[in-house]
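Morning, everyone. Please bring up the model on your screens.

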Amino acid sequence: MQRRILVSLLGLAVFPLASGLAQTPGTPPAAPAPTDPATQMTPPAAPVPTPQNLNEIPVMPPYAGKPEQVPSAPTPAPAPPPAVVPAQPTPQAPFTAMPAYQSNPGAEPAGPRNKVPLVLKPRQNHEGSVYVPVDSWVYPELTRLYSLGYVNTMFLSMRPWTRQSILHMLDESADAIENSDSDEAQEILAAMYRELREESAGPLDRGTVYGTKSVYTRLMGISGITLRDSYHIGQTIENDYGRPYQPGFNNLTGFSTIAERGRFSLFFRGEYQHSPSAAGYSPALSAQLSNADGIYYSGFNLNQATIPSGPIAAQNPFRVVEATLSFHFVGHEISGGKSDAWLGPAQGGAMAWSNNAENIYSFKIDRVEPLHIPYLSAVLGPVRYQFLYGSLKGHTDPNSPYVHSEMFAFRPTDNFEFGFQRTVIFGGAGHEPVTLHNFLRSFFSISDTTLGEKGSASDPGARFTDFNASYRLPFVRKYATFYVDSFSHDDVTPISAPRRAAFRTGLYLSQFKAIPKLDLRVEAASTDSRVSRSTGGYFYYYEGIQVQGYTNKGFLFGDPIGREAKGGHAWMTYHLSGTESVGIEYLNKKNDNDFIPNGTTQNQFKASVTKRFLHDNVEMNAWFQYERWKAPTYLQGQRNDTVTAVQLTFFPGLRTKPSD
């Protein structure tokens with residue numbers, strides 16, 4: 001009996017071990033034991049049959065110490081609880097919706113304004129995205145975030161940026177900002193993510209983003225005689241898309257819309273513009289300025305867009321401010337239409353391209369995401385580049401010339417950026433037809449042009465170059481950023497002949513130790529270099545053939561400092577939140593006597609406030625500007641004017657439609 005019991009116990013102990021041994025060759029492996037779906041546990045093995053002849057069972061040797069331990073089978077883990085099918089709703093237990101999906105379960109939802117919301121997932125590079133207009137609140141806030149030491153993939157000198165590219169910049173620095181002790185940076189990050197929330201759908205495709213982005217109206221009253229001549233004497237309102245304004249009541253009322261799906265994106269902004277009638281320049285002053293530009297004042301040149309000759313009729317157009325259809329391809333936005341451009345790191349102006357004039361219709365290829373080029377990027381860092389081709393309007397001598405622009409920008413380090421840009425104005429009715437030959441000649445030409453070539457079909461055009469750089473200064477990386485924007489005419493680059501270059505340089509202090517919400521920016525600009533050619537306004541923004549030069553519809557599309565001028569600009573801003581601020585601004589400018597007889601001077605003082613209401617869906621931007629100016633060649637004595645404006649903007653909110 002004892003032997004039988006011992007045999008049974010031995011069989012139970014040996015069976016699990018034997019079942020794991022290798023099978024005899026040719027024998028199929030044993031099927032796994034079935035499991036009980038209710039308990040997810042393996043049932044016990046079937047009992048081992050007892051041999052019939054007990055005499056054949058070997059007798060265990062006498063006890064000789066502790067036998068070798070046989071590893072036991074692992075304890076099966078209990079299965080997760082089965083899914084519970086919700087019961088049918090009843091009046092006593094009504095249906096309750098599941099909570100909204102979160103890409104980061106357990107994270108806190110967006111709370112107060114200074115709370116950083118969930119980090120949005122980076123979008124893949126195959127999705128198209130619209131550009132954010134350069135007059136948006138986004139740019140000064142992102143620039144401040146950069147100067148606080150973050151968003152190291154930002155290219156300050158190449159604006160505008162797309163909504164997707166801004167989101168990628170933020171995602172690169174989101175962890176560093178969230179883990180920092182900078183309330184200012186966290187506040188800006190939260191505001192930016194709220195602005196771009198439609199661009200990310202967590203792990204899902206973005207789908208279609210569409211809707212009305214903004215509806216706005218600006219009510220503006222002007223008293224006193226203003227200046228509206230950026231190509232000669234000066235202008236009272238700068239960097240405003242060349243919109244009309246005159247003394248009296250002025251109004252803008254417009255809207256913008258967005259549509260994004262897959263690789264395609266569409267942006268449209270249009271507005272009704274009203275300005276009163278005005279006296280304008282006298283025929284004698286108009287003739288004087290026209291002759292100074294080298295344009296014979298007669299016939300069709302009696303009315304030039306660059307000279308506000310009087311009388312000026314009231315303006316009431318509906319104008320397309322921006323209208324761009326884009327296709328995204330491998331980190332590029334390939335677009336056509338009317339789009340912004342701001343090529344430079346400064347705030348008061350950009351030597352190469354700004355929004356001081358009305359946008360032009362153009363074809364553009366823009367590398368919107370930083371590109372890493374093997375070997376080259378090991379030295380120069382990631383690169384961005386842009387090509388633009390379009391037509392300038394408002395020119396009468398020659399009429400409607402063409403323009404193309406190319407720019408390359410590099411980031412060798414997180415704190416240093418530099419870029420090269422080139423603009424060529426060529427062709428135009430009455431000078432030379434635009435062909436592939438003269439386009440390629442203008443595109444590749446870097447050598448001097450003879451007088452004979454300038455008046456022929458071989459003319460490569462009016463060539464202008466730009467070099468700019470920005471640097472977060474050592475030891476004060478999160479406080480101070482220095483930048484410079486330089487510009488030259490008929491030089492390969494401004495750094496090859498710095499004495500012949502115009503410039504705008506500045507210093508931005510993003511915060512003060514005792515007052516972290518306060519920032520200060522100071523800039524100085526000059527297009528009046530001390531070289532023999534820089535006289536009479538004939539050097540920068542001017543050219544002997546393209547005599548109406550660097551203008552579109554009468555306004556300089558470069559820096560509003562203008563020709564043969566110098567001045568300074570300063571801003572001090574207190575940031576109430578990521579989207580709200582109060583600030584003051586001062587501008588001083590002077591044109592040289594050898595350009596405008598007796599010279600000109602301008603002094604402007606401006607105070608502004610930006611405030612959000614109704615859960616940030618309504619923005620009020622109000623400002624008051626006082627200007628004092630002298631231009632004896634226009635009007636004798638000192639003149640004053642004031643501008644009071646209130647702009648209300650409603651953000652209805654975009655919609656998203658998931659992909660099919």
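Start with a definition: the bend at a residue is the angle between axes fitted to the seven residues ending there and the seven starting there. Helices (H or I, at least four residues) and strands (E, at least two) are DSSP runs, numbered from the N terminus. By that bend, H3 has a kink of about 40°, centred on Glu172.

This is a predicted model, where local features need pLDDT of at least 70, side-chain atom pairs need 80 or more, and totals for chains, interfaces and linings use all residues. Residues count from 1 along each chain as its sequence is written, and side-chain values use heavy atoms, without hydrogens or water.

Confidence next. pLDDT is the predictor's confidence in each residue, from 0 to 100. The protein averages 85, and 80% of the residues score at least 70. Residues 50-57 stay under 50. Over residues 62-71 the pLDDT is also below 50.

Is it enclosed or open? Among the buried ones are Ile166, Leu167 and Leu170. Their cover includes helices H2 and H4 and strands S1 and S4.

Last, strand S13, residues 480-489. Eight of its 10 residues are buried. Strands pair if DSSP finds at least two bridges between them. S13 pairs antiparallel with S12 over nine bridges, and Ser470 stands opposite Tyr483. With S14, the pairing is antiparallel over eight bridges. There, Asp485 has Arg504 as its bridge partner.

Technical notes. Contact means heavy atoms within 4.5 Å. Buried means under 20% relative accessible area, exposed over 50%, partly exposed in between (1.4 Å probe, protein chains only).
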